[in-house]
Amino acid sequence: LCIRSTREFVRTQPDPFPMAAALPDDVEPVLGEEAIDYQKLIVDGVRSQLDGDEARLNEFVAMTRNYGKGEATAEEFWVFLANMFGEGKAYRFLPKLARLIADDEKRRALLQSPLAAADGGAEENPFDAPPPPPAAD
């Protein structure tokens, strides 16, 4: 099963709120030397989960960078994680991964991303929007 959008992800889930509600609002970020060691631990764990598939690991690293640079939303990152690891593992992994994000706003947004995705995400897909009203004569 490959989910291509937050809206499609939400439609495939019976009730995403119980697990999302159990996520913390925030976690303590790791900084400095501890962050370097923790990042290596995360990458090694992801590599193990992916059975050493370096191409998929590179996808994970690229998406992580995209989120850090603001090129992907928290909801897009969540859908990516849920696709890559499965929803259950993604929920368990999210607080651990969030510790690597020093930016308070991005870290909290990532932790809330399953709920935001369930609400349809921050941005609406223009194809899901109703058509504009007809022009007045």
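**Burial, rings and core in a predicted model**

Author: In this predicted model, Val30 is buried, with a relative accessible area of 3%.

Reader: Why is Val30 called buried?

Author: Buried means under 20% relative accessible area. Val30 has 3%, so the term applies.

Reader: Where is the place of Val30, and which residues does Val30 touch?

Author: Val30 is in the loop between α2 (17-21) and α3 (32-49). Not counting residues up to four places away in sequence, Val30 touches Ala35, Tyr38, Arg99 and Leu100. Leu100 is 70 residues from Val30 in sequence, yet the C-alpha to C-alpha distance is 5.9 Å.

Reader: What makes the charged end of Arg99 count as sitting over the ring of Tyr38?

Author: The distance part of the test asks for CZ of Arg within 6 Å of the ring centre. The charged end of Arg99 is 5.1 Å from the centre of the Tyr38 ring and sits over that ring.

Reader: How many aromatic pairs does a search of the whole structure find?

Author: The search finds five. One of them joins Tyr67 and Phe77, with 5.3 Å centre to centre and 35° between the planes.

Reader: What does the pair of Tyr67 and Phe77 tie together?

Author: Tyr67 lies in helix α4 (residues 54-68) and Phe77 in helix α5 (residues 74-85), so the pair ties together parts that are ten residues apart in sequence. Both Tyr67 and Phe77 are buried.

Reader: What makes the pair of Trp78 and Tyr91 tilted?

Author: The ring centres of Trp78 and Tyr91 are 4.7 Å apart and the planes are at 55°, so this pair is tilted. Trp78 is in helix α5 and Tyr91 in helix α6 (residues 87-98), 13 residues apart. Trp78 and Tyr91 are both buried.

Reader: Which residues touch the most other members of the largest nonpolar core?

Author: Of its 32 residues, these are Phe60 and Leu81. The largest share of this core, nine residues, comes from α5.

Reader: Which residues is Phe60 in contact with, leaving aside neighbours within four places in sequence?

Author: Phe60 is in contact with Ile42, Val46, Phe80, Leu81, Met84, Phe85, Phe93 and Leu97. Phe60 also forms one aromatic cluster with Phe85 and Phe93.

Note on methods:
Residues are numbered from 1 along each chain as its sequence is written. This is a predicted model: local features need pLDDT of at least 70, side-chain atom pairs count only at pLDDT 80 or more; totals for chains, interfaces and linings use all residues. Side-chain values use heavy atoms; hydrogens and water are left out. Rings of Phe, Tyr and Trp (its six-membered ring) pair if their centres lie within 6.5 Å; planes under 30 degrees apart count as stacked, over 60 as edge-to-face and the rest as tilted. Helices (H or I, at least four residues) and strands (E, at least two) are DSSP runs, numbered from the N terminus. Buried means under 20% relative accessible area, exposed over 50%, partly exposed in between (1.4 Å probe, protein chains only). A charge sits over a ring if NZ of Lys or CZ of Arg is within 6 Å of the ring centre and within 35 degrees of the ring normal. Contact means heavy atoms within 4.5 Å. A nonpolar core is a set of buried Ala, Val, Leu, Ile, Met, Phe, Trp, Tyr and Cys residues joined through side-chain atoms within 4.5 Å.
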